[in-house]
Amino acid sequence: MLSKRIIACLDVRDGQVVKGINFEGLRSAGDPAELARRYNVEGIDELVILDITATLERRRALADTIRRVARELFIPLAVGGGIRSEDDAAAAVEAGADKVSLNTAALSNPSLVTTLARRYGSQAVVVAIDAKHAGNGFAVYARSGQAAADRDAVEWAREAEDRGAGEILLTSIDRDGTKVGFDCVMNAAVSSAVSIPVIASGGAGALDHFVDVFTEGRADAALAASIFHYAETSVRSLKEHLQQHGIPVRLS
Amino acid sequence: MRIALIDYRAGNLTSVKKAFAAIGADLFVPLQPGELADAGAVVVPGVGHFGATETLAVDWTDTIRRGIDAGRPLLGICLGMQWLYEGSAEAPGLKGLGLLSGQCYRLPGGSGATSVKIPHVGWNALDIQRPDSIVEGVASGSQVYFTHSFVAPITDETVAVTVHGQPFAAVVQRGRVAAVQFHPEKSGEVGLTILRNFLRLAES
C-alpha cells in the first residue's frame, strides 16, 4: 500500500534555514545540509528547499545550497521560491532538484507549468498554492502570501493539474507556523477535486495533527518545518505514531 | 568497466548519475550508438511519456539489442523498464524493444471507497515473488520511491510486485537484463543496494 509521505521543508535564506510565523518574524534554525542529513537518518520521505527571499543575485547561493543538500541524499528533493522561468527551473534541476515548485510564477504565467512538464515530466512539477478561507471558498495569494491572486484554491488546483502539474503543495496561510493543526477542511476540498497528490502544509504542531490531515484532510503527504527543526518531534516518532493509528508509512 | 547511461532527452539524469557515482560506478553518456561499443553495461533511465522512447527506437534499438544478445548487462529504470516490453498503451503504434513479452498499460484508479490516485507517487512496498540477483539483500516489504501512471504486466520473469489498487510488476529480471519501475536513485539505502547489485551483475 502506498505510504503517506512525511516531507520536511527547509525555508532557506542566505544559505541558512529560517522559520517564521504567519509568513513573518524569521528565526534561524541551522545549516540546511546538516538538517537534511539528520532528517534522512530519521527516515524523512522527501525534502523541500524553499528559498524564501529568492532574488537574482542569490540564485547562485541557492544552487550551492541545493548541491550541498543533494550530494549525499538519495530521496526526492524539491526546490521552490523564486522560480520564475524555464532557466530558473533548469538551474535548480542541474544542481540536483528532482522537482521544482512554482507558486507566483505559475499564477502569473500558467503556461510555464506546461513548458516544464513537457521538458522534465509532470513528476518534476509541483504547483504550490498559498490560500486561506474566504467566504465559502479559499482565496489564493501570491508573493509569499502578500498579494491576493483573485483565484479560488480548488479551481486553481484543477487548472494546474490540467496544465501538467504532478503534485499540489497546499499551504494554509491562516495556519502557517501557528502549530494549531493543518487546515483539514481546505485540504480535503482540494484533494477531492484533483487526482494528483496533494501535500498539506501549514499548522503542524502535534502528532495528532498529522493523523487528522491524513484522514479527514485526505492528504497524500504532509509537510512541516518548525516541528522538526527544533527537535520537538523526530520523524521516526511521528511515523510510529501514524502507524499506531493505522496510517501506512515507511519505517525503515 | 564503464557503464553507458542512455540519454534520450526525456527528463533529468542528474540524480541517476549522482547515485551511480556514490556507489563507485564509472558512468558515461554516449552521444551516439557507436559509443556503446566501449560500454560494459547499459542503463536506460527515464521519466515521462512512452512516446519519448521514439528517439531510442530510431537510433539505438539495434545496438542495444545486439549488446543484450552478446550478454551485456542492462538496467531499465521506470520508463526504461516499460521500453523493454512490446509496447505501451501510452503510445499505441510505437514499439518497445520487445525483449520481454506483454504490453504496458495505465494503472486503473478504480472508483468509490477502493479508488486510488493516479499517478502513483510515493513510497510503496516491494513484494518479492522470485528472488534473483537484482534484489539480493533487499527484504520483501522494503519500500521504494515510485512516480508513474503506466506499468508493465506481471509475467514469469517478474521478481517483485507492488500493489497500488492492483498489483503490477515492480522488478523484473531475465539473466543479465534487469529493470525496476521505481527510482532506485531516489529510494534511499534500498535503492542503492539494488544499484550495487546491478554493478555486481555487470562486473561478473
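1. Two residues are in contact if their C-beta atoms, placed from the backbone, lie within 7 Å. Among contacts in chain B between residues at least 6 apart in sequence, 67% join residues at least 24 apart. The model is predicted: local features need pLDDT of at least 70, side-chain atom pairs count only at pLDDT 80 or more, and totals for chains, interfaces and linings use all residues. Residues are numbered from 1 along each chain as its sequence is written, while chains are lettered from A and ligands numbered from 1 in the order in which they are written.

2. Overall form of chain B. The C-alpha trace spans about 55 × 40 × 30 Å along its principal axes. Of the 204 residues, 51% are buried, that is, 20 or more other C-beta atoms lie within 10 Å of their own, with C-beta atoms placed from the backbone.

3. Sheet of chain B. The chain holds 5 helices and 13 strands; these are DSSP runs numbered from the N terminus, helices being H or I of at least four residues and strands E of at least two. An open sheet is formed by 8 strands in the order 2-1-3-4-13-12-11-8, with mixed pairing; two strands pair if DSSP finds at least two bridges between them. Strand 2 (26-28) and strand 8 (127-128) of chain B each have a single partner strand, so one side of each lacks a neighbour in the sheet.

4. One strand pair. Strand 11 (residues 158-164) and strand 12 (residues 166-174) of chain B run antiparallel and are joined by 6 bridges. Thr162(B) stands opposite Phe168(B) of strand 12.

5. Contact between the chains. Chain B contributes 28 residues and chain A 24 residues. On the side of chain B that touches chain A, helix 1 (14-22), strand 7 (120-125), strand 9 (143-148), strand 11 and helix 5 (188-203) give two or more residues each. Strand 7 of chain B gives the most, with 5 residues.

6. A helix pair in chain A. The axes of helix 6 (residues 153-163) and helix 7 (residues 184-193) of chain A come within 9 Å and cross at roughly 35 degrees; axes are lines fitted to C-alpha atoms over the stretch in contact, and angles run from 0 to 180 degrees between N-to-C directions. Ala153(A), Val154(A), Ala157(A) and Arg158(A) in helix 6 meet Met186(A), Ala189(A), Val190(A) and Ala193(A) in helix 7.

Technical notes. A residue is buried if 20 or more other C-beta atoms lie within 10 Å of its own, exposed if 12 or fewer, and partly exposed in between; C-beta atoms are placed from the backbone.
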